[in-house]
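Visitor: I would like a close look at a single part of this protein's surface. Please take me through it step by step, then show me what lies elsewhere.

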Amino acid sequence: MSNRAFAAVILLFLCVAAPANAETNDRLLLEQARADIEARNLAHDGTRFGYTIQNTSHGDEVSVFSIQFDPSLDHGQQWAVVSPSAAEDSALYEQAVQRVTWGNNLGPEVMADQALIVRKIFAEGIDHFNFLHEENERAIYQFKIEDLAFFSEGNEQVAKMSKFLTGELSINTTTSRLQSIRIYARKPFKPVVVAKVKTVDIQIEFAPAWDDGPLVQVGTQQHIAGSAMFRKFTEKSGQIFSDFKRK
């Protein structure tokens, strides 16, 4: 066994050696969740994997298309449409093609599988997370978006709105694993004079890509609504990431 693999095994042992439950110290649970992420990333450093995205948007009608990523293919051919076919729904197929074309035109340094792996959520430590309560085998912690560069770094719009938003993080009390992050606005706000945001609610779910694999993003749901220049806008959409396969 290599030194890296051995270290990963030790970290995983430390994560599960003291199972979390209702009596577990909330700080310990955060440390266990952070150690779990680090151990998984150490064990699978450089591992490539393929997956499928099911994209859903809610407009006048619910629209669903699926695309697939395979890092073992040549650059420019790694993304492909799964469904629907052009014969089944030409307009929706064209949306999927546009998303695939965009992905295939990204530079070779952009690795879509690695982008799903959880890495930096606890990069600034655990002190920014404050325990709220426990429900449905989840320990819920609150944090301020502006306190964590991870959520706004490189994203000017998020950085500007961060003071209006609240973050919540949940950890499964049975597995001691990070399970979800929610970012939302407690009340309507005006990021600029000519716009008012009534609703921001973004939910991100996490799970291992496979039993002992890296912790990855497996689903998102977002609802954003408001008005700008006297015109209302609303967006409801979601993504499901599945069929993870090592390549």
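Which residues gather in a patch of positive charge on the surface?

Guide: A word first: this is a predicted model. The patch of positive charge is formed by Lys190, Lys196, Lys198 and Lys232.

Take lysine 196 as the way in. Strand β9, residues 195-208, holds lysine 196. Its relative accessibility is 37%, so lysine 196 counts as partly exposed. A patch residue needs over 30% relative accessible area and no salt bridge.

A nonpolar surface patch also deserves a look. Val192, Val193, Val194 and Met229 make it, and its area is about 420 Å². Methionine 229 sits in the loop between β10 (215-228) and β11 (231-246). With a relative accessible area of 56%, methionine 229 is exposed, because exposed means over 50%.

At 88% relative accessibility, phenylalanine 230 counts as exposed.

Asparagine 136 also has a positive phi, near 50°, in a residue other than glycine. Its place is the loop between β4 (130-135) and β5 (138-144). Asparagine 136 is exposed, at 73% relative accessible area.

Arginine 182 is partly exposed at 28% relative accessibility. Aspartate 201 is partly exposed as well, with a relative accessible area of 26%.

The structure holds 7 salt bridges in total. Another of them joins the side chains of aspartate 113 and arginine 48, at 2.6 Å from N to O. That pair also links distant parts of the chain: aspartate 113 lies in the loop between α3 and β4, arginine 48 in the loop between α2 and β1, 65 residues apart. Aspartate 113 is buried, with a relative accessible area of 0%. Arginine 48 counts as partly exposed at 23%.

A further salt bridge joins glutamate 31 and arginine 34, at 2.8 Å from N to O. Both residues lie in helix α2, 3 residues apart, about one turn of the helix. Glutamate 31 counts as partly exposed at 32% relative accessibility. Arginine 34 counts as partly exposed at 22%.

Histidine 44 is found between α2 (26-43) and β1 (49-58). Histidine 44 is buried, with a relative accessible area of 10%. Its side chain reaches the backbone oxygen of aspartate 212 at 2.7 Å.

One stop remains, at a cis peptide bond. It runs from serine 83 to proline 84, with omega near 0°. Proline 84 is in the loop between β3 (79-83) and α3 (90-104). Serine 83 and valine 64 are 19 residues apart in sequence, and 8.5 Å apart in space from C-alpha to C-alpha. Valine 64 belongs to strand β2, residues 62-69. Valine 64 is partly exposed, at 35% relative accessible area.

Methods
Residues are numbered from 1 along each chain as its sequence is written. This is a predicted model: local features need pLDDT of at least 70, side-chain atom pairs count only at pLDDT 80 or more; totals for chains, interfaces and linings use all residues. Side-chain values use heavy atoms; hydrogens and water are left out. Patches are made of residues with over 30% relative accessible area and no salt bridge: like charges are joined within 9 Å, nonpolar side chains (Val, Leu, Ile, Met, Phe, Trp, Tyr) within 5 Å. Accessible areas come from the Shrake-Rupley method with a 1.4 Å probe; for residues, only the protein chains shown count as cover. A salt bridge is a side-chain nitrogen of Lys or Arg within 4 Å of a carboxyl oxygen of Asp or Glu. Lys and Arg count as positive and Asp and Glu as negative; His and the chain ends are not counted. The place of a charge is taken as NZ of Lys, CZ of Arg, CG of Asp or CD of Glu. Helices (H or I, at least four residues) and strands (E, at least two) are DSSP runs, numbered from the N terminus. Buried means under 20% relative accessible area, exposed over 50%, partly exposed in between (1.4 Å probe, protein chains only). A polar contact is a pair of N or O atoms within 3.5 Å; within protein, one must be able to donate a hydrogen and the other to accept it, and residues adjacent in sequence count only if both atoms are side-chain atoms.
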